[in-house]
Amino acid sequence: MAPNPYGIASIWAQGDAVIKAVALMLLLMSIASWCVILIRAWHLWQLQKVAQASRDFWHAQSFAQGQHILASANSRSGCSANPFRYLADEGQAAFDHHSSHQDDLHGKLPLSDWLTSSLKGAIDESAEQMQKGLAILASVGSTAPFIGLFGTVWGIYHALVGIGASGQASIDKVAGPVGEALIMTAFGLAVAIPAVLAYNALSRGNKGMISKLNRFAFQLHAYFLTGAAPKSSQQHSGQSGQVRAFKQGA
């Protein structure tokens, strides 16, 4: 079978250093974006399994048993970081620290405010962990089409220069080089589209997970203040201000 004179191999063989650099850049961007997509999607799937254990937490007979339930969810899902377990640990640590350091400046703060600050800080740290890598997807999705377009413009320019130098402007002389150059635009779109779609999907998944963390944090907040897990948000209308505070921090 005769080789295709207008294929990708022809572009690489006939392209100059700029075209090859653009193609390599798009290839590296594609590899980086797919690595981020696979890693963050796997991590989000693990967090979804861990989040189911947060509902079982409130059916435990003691706080320690609830922590054990959350820890067991880690081993079942293979998740290395459990933000719900981290929230529970931070809430317990904040409660104990406030109770044993009444002479410190933060000891003068109401326990409710100290718990709110500690739990919100834990949620922010977990949110930062979930957002890792998404900046790469955003950068790839926004720049890859323009990098491919640059390769196309550069390729068309050299194709037209070559056609002008040869003095032959027939359709068979123009279609090949120009068509080869346009492939660079297709490469740019092929790199950018998965990155944009994955960014939107992962951002939506992370937003839902942060909402679950906010609800869990509110329940922990009520537990440490009242000594019992709340049965419903309606039974704790006095804590509505805390709910708004946690949601605004998401």
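Of the 250 residues of the chain in this predicted model, 38% count as buried. The chain exposes about 13900 Å², of which carbon and sulfur atoms supply 63%. Eight helices and zero strands make up the assigned secondary structure, and the order along the sequence accordingly reads α-α-α-α-α-α-α-α. Among the contacts between residues at least 6 apart in sequence, 75% join residues at least 24 apart.

In soluble globular proteins, nonpolar side chains tend to be buried together. In the present chain, the largest nonpolar core contains 27 residues, and the members that touch the most others are Phe57, Leu70, Phe84, Leu87, Phe216 and Leu220. At least two residues of this core are supplied by each of α2 (17-57), α3, α4, α5 (111-130) and α7. For Leu220, once its neighbours within four places in sequence are left aside, the residues in contact are Phe57, Trp58, Phe63, Leu87, Ala88 and Leu119. Another core, of 18 residues, lies apart from the largest one and has Val22, Met29, Ile37 and Leu134 among its members.

Aromatic side chains were examined next. The count comes to 13 aromatic pairs. In one of them, the rings of Phe63 and Tyr223 have their centres 5.6 Å apart and their planes at 20°, and the pair is therefore stacked, since planes under 30 degrees apart count as such. This pair links distant parts of the chain, with Phe63 in helix α3 (residues 63-77) and Tyr223 in helix α7 (residues 171-226), 160 residues apart. Phe63 has a relative accessible area of 11% and is buried, whereas Tyr223, at 21% relative accessibility, counts as partly exposed; the two assignments follow because buried means under 20% relative accessible area.

A stacked arrangement is also found for Phe95 and Phe224, which form an aromatic pair with 5.6 Å from centre to centre and 25° between the planes. Here too distant parts of the chain are linked, as Phe95 belongs to helix α4 (residues 83-100) and Phe224 to helix α7, the two residues being 129 residues apart. Phe95 counts as partly exposed at 24% relative accessibility, while Phe224 is buried, with a relative accessible area of 8%.

The residues of both pairs belong to a cluster in which ring pairs link Phe57, Trp58, Phe63, Phe84, Phe95, Phe216, Tyr223 and Phe224. Within this cluster, Phe57, Phe84 and Phe216 are also listed among the residues that touch the most other members of the largest nonpolar core.

Methods
Residues numbered from 1 in each chain as written. Predicted model: local features only at pLDDT ≥ 70, side-chain atom pairs only at ≥ 80, totals over all residues. Heavy atoms only, no water. Phe/Tyr/Trp six-rings, centres within 6.5 Å; stacked < 30°, edge-to-face > 60°. Helix = DSSP H or I, 4+ residues; strand = E, 2+ residues; numbered from the N terminus. Buried < 20%, exposed > 50% of the residue type's maximum accessible area, 1.4 Å probe, protein only. Core = buried A, V, L, I, M, F, W, Y, C linked by side-chain atoms within 4.5 Å. Contact = heavy atoms within 4.5 Å. Areas by Shrake-Rupley, 256 points an atom, 1.4 Å probe, with all protein chains shown as cover.
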